[in-house]
Amino acid sequence: MKADEDKWRAVDEFLNDSLSLHDSALESALVASAAAGLPSIQVSPAQGRFLQILARVHGSRRILEIGTLGGYSTIWLARALPSNGRLITLELNEHYAKVAASNVARANLANLVDFRIAPALESLAKLAGENLDPFDFIFIDADKANTPSYFEWALKLSRTGSLIVVDNVIRNGALTDIESTDAAVQGMRRFIKMAGAEPRISATALQTVGSKGYDGFAVALVTG
Ligand code: DHB
Ligand code: MG
C-alpha cells in the first residue's frame, strides 16, 4: 500500500541521516548510475552497511559478487576488505560495468576490485578453472531466474565457513505464489527449496521493507 511504502521510505531516510549511511563516494555512485541510465535497483544504504558488517565480522578477505550493476554494493563490500583483500565482481552488461568501474575508482577502491564482464555463468565456470582460493563471502544479486545456478556455483567456489548472501528472495511476497509465471519468482522459489534441501549449509531468509519496497535476502553459512 502507498501509505506503507511512504512510511518505509521515510524510516529509511531517517536511518540514512541518523546513522550516516551515506558518504560522498556512495552518493556520487548513485548519481552517476542514474545519469548513465542504470535501473535504480541497487541495495539501500542500510542494506549496504549490513552487507559490509557481515563481511567484516566474518573477516572476509576474498569476496565474489555476482551482478555488479553500478558498483554500489561493490563499494560497500570492498570497504570491508583488508588492504590485501580482493573482490571479484561479475557483470554481463558492458555499460553497467564501465559505470561501476568509474564509481569504484572514485571511491578509491579500484586496487581491490576485479571486474569480469561476461555472462555470469561463463565467468563462474572460468573462475572454477583458475584454481583460486575459495571465496570467503559471496553476494548473489544478478538476474533472478539464474539464482539456483549461481548458488550451485557459489557452493563450488566456497569452503566450510564461507558465507553466501542472496538478494531479492521475497519478491514483494510473490515467493509463495506457486503459479507465478514470473521467472524471477520461480527462480527464487527453486533457490529457497534448494537451500532447504542442501545438507552442506545452514540457511535462513529475512523479509525486509524500506526504500526498496518489500523484499528480503537469504544468508547461507557453508557448514560442510
Ligand atoms: C531487481 C533486481 C535487484 O537486484 C533488486 O535489488 C531489485 C529488483 C529486479 O530485477 O527487479
Ligand atoms: Mg538486488
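**Exercise 1. Identify the protein donors of the magnesium ion (ligand 2) and give their spacing along the chain.**

Step 1. The protein donors are D141 (OD), D167 (OD) and N168 (OD1), which lie 2.0 to 2.1 Å from the magnesium ion (ligand 2). Donors here are N, O and S atoms within 2.8 Å of the metal (3.2 Å for Na, K and Ca); water is not among the atoms, so sites may look incomplete.

Step 2. Along the chain, the donors follow the spacing D-x25-D-N.

Step 3. D167 and N168 are both buried, meaning under 20% relative accessible area (1.4 Å probe, protein chains only).

The model is predicted: local features need pLDDT of at least 70, side-chain atom pairs count only at pLDDT 80 or more, and totals for chains, interfaces and linings use all residues. Residues are numbered from 1 along each chain as its sequence is written, chains are lettered from A and ligands numbered from 1 in the order in which they are written, and side-chain values use heavy atoms, with hydrogens and water left out.

**Exercise 2. Describe what surrounds ligand 1.**

Step 1. I41, D141, K144, D167, N168 and R171 surround ligand 1, each with a heavy atom within 4 Å of the ligand.

Step 2. Sorted by class, this shell holds 1 nonpolar, 1 polar and 4 charged residues.

Step 3. Oxygen atoms of ligand 1 lie 3.0 Å from a polar side-chain atom of K144, 3.3 Å from a side-chain N or O atom of D167 and 2.7 Å from a polar side-chain atom of N168. The protein buries 65% of the 300 Å² that ligand 1 exposes when taken alone.

Key
Polar contact = N/O pair within 3.5 Å; in protein donor to acceptor, adjacent residues only side chain to side chain. Areas by Shrake-Rupley, 256 points an atom, 1.4 Å probe, with all protein chains shown as cover. Nonpolar A, V, L, I, M, F, W, Y, C, P; charged D, E, K, R; others polar. Buried < 20%, exposed > 50% of the residue type's maximum accessible area, 1.4 Å probe, protein only.
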